[in-house]
Amino acid sequence: MTKSIHQEMIKRALQLAWEAYNQEEVPVGALIVLKDKIIVRAYNEKEKLKDPTSHAEILAIREACRYLQSWHLDGATLYVTLEPCPMCAYASIQARLKRVVFGAYDPKAGAAGSVVNLFEKNLFNHNVELIGGILEKECAIVLKEFFKNRR
């Protein structure tokens, strides 16, 4: 996959982040692509669902598993606007995703290198390719706006 494809998919995930923003959710959007087709779209819904595990990535992984009727998401790529937290990083590994591509880095909770790197090669029984910083500034803007307006 080329950088331009990654940018296009992050742009689409960013649209979902703005939807989350409009729903007063922390604005993180995610989608899962398999064989060049978007199979799932999601955004954070912790407030709506009153569930701390309702991160965009977790919701996307759950829906993709339902869609494929398997917990193995072999060959699929998760695109997300914010670096995954430890819960989401490990869920990506457990789901056997091929790749995770993210936008903004998360210096407080990022588990793809900012705080810890759960994607480090051979740390677990499955390795996930990791690409970070795609449209990083654009992805950071929605988060900054959200938290600025909450203060």
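Is lysine 148 buried or exposed, and at what relative accessibility? Lysine 148 counts as exposed, at 51% relative accessibility. Here buried means under 20% relative accessible area, exposed means over 50%, and partly exposed lies in between (1.4 Å probe, protein chains only).

## Basis of the report

This is a predicted model, in which local features need pLDDT of at least 70 and side-chain atom pairs count only at pLDDT 80 or more, while totals for chains, interfaces and linings use all residues. Residues are numbered from 1 along each chain as its sequence is written, and side-chain values use heavy atoms, with hydrogens and water left out.

## The sheet and a helix packed on it

Helices (H or I, at least four residues) and strands (E, at least two) are DSSP runs, numbered from the N terminus. Two strands pair if DSSP finds at least two bridges between them. Strands of a sheet pair through backbone hydrogen bonds, either parallel or antiparallel.

Five strands form an open sheet with mixed pairing, in the order S2-S1-S3-S4-S5. Strands S2 (37-43) and S5 (129-131) stand at the edges; each has a single partner strand, so one side of each lacks a neighbour in the sheet. On average, neighbouring strands of this sheet are turned by 15 degrees against each other, direction ignored. Strand S1 (residues 29-34) pairs with S2 in the antiparallel sense over six bridges, and valine 33 has isoleucine 38 in S2 as its bridge partner.

Helix H3 (residues 56-68) packs on the sheet and touches S1, S2 and strand S3 (77-82). The direction of H3 makes about 140 degrees with that of S2; axes are lines fitted to C-alpha atoms, for helices over the stretch in contact (heavy atoms within 4.5 Å), and angles run from 0 to 180 degrees between N-to-C directions.

## Salt bridges

The structure holds five salt bridges, each defined by a side-chain nitrogen of Lys or Arg within 4 Å of a carboxyl oxygen of Asp or Glu. One of them joins arginine 99 and glutamate 129, with the closest N and O atoms 3.1 Å apart. Arginine 99 lies in strand S4 (residues 99-104) and glutamate 129 in strand S5, so the pair ties together parts that are 30 residues apart in sequence. Arginine 99 is buried at 7% relative accessibility, whereas glutamate 129 is partly exposed at 33%.

Another salt bridge links glutamate 145 to lysine 148, with 3.4 Å between the closest N and O atoms. Both residues lie in helix H5 (residues 136-150), three residues apart, about one turn of the helix.
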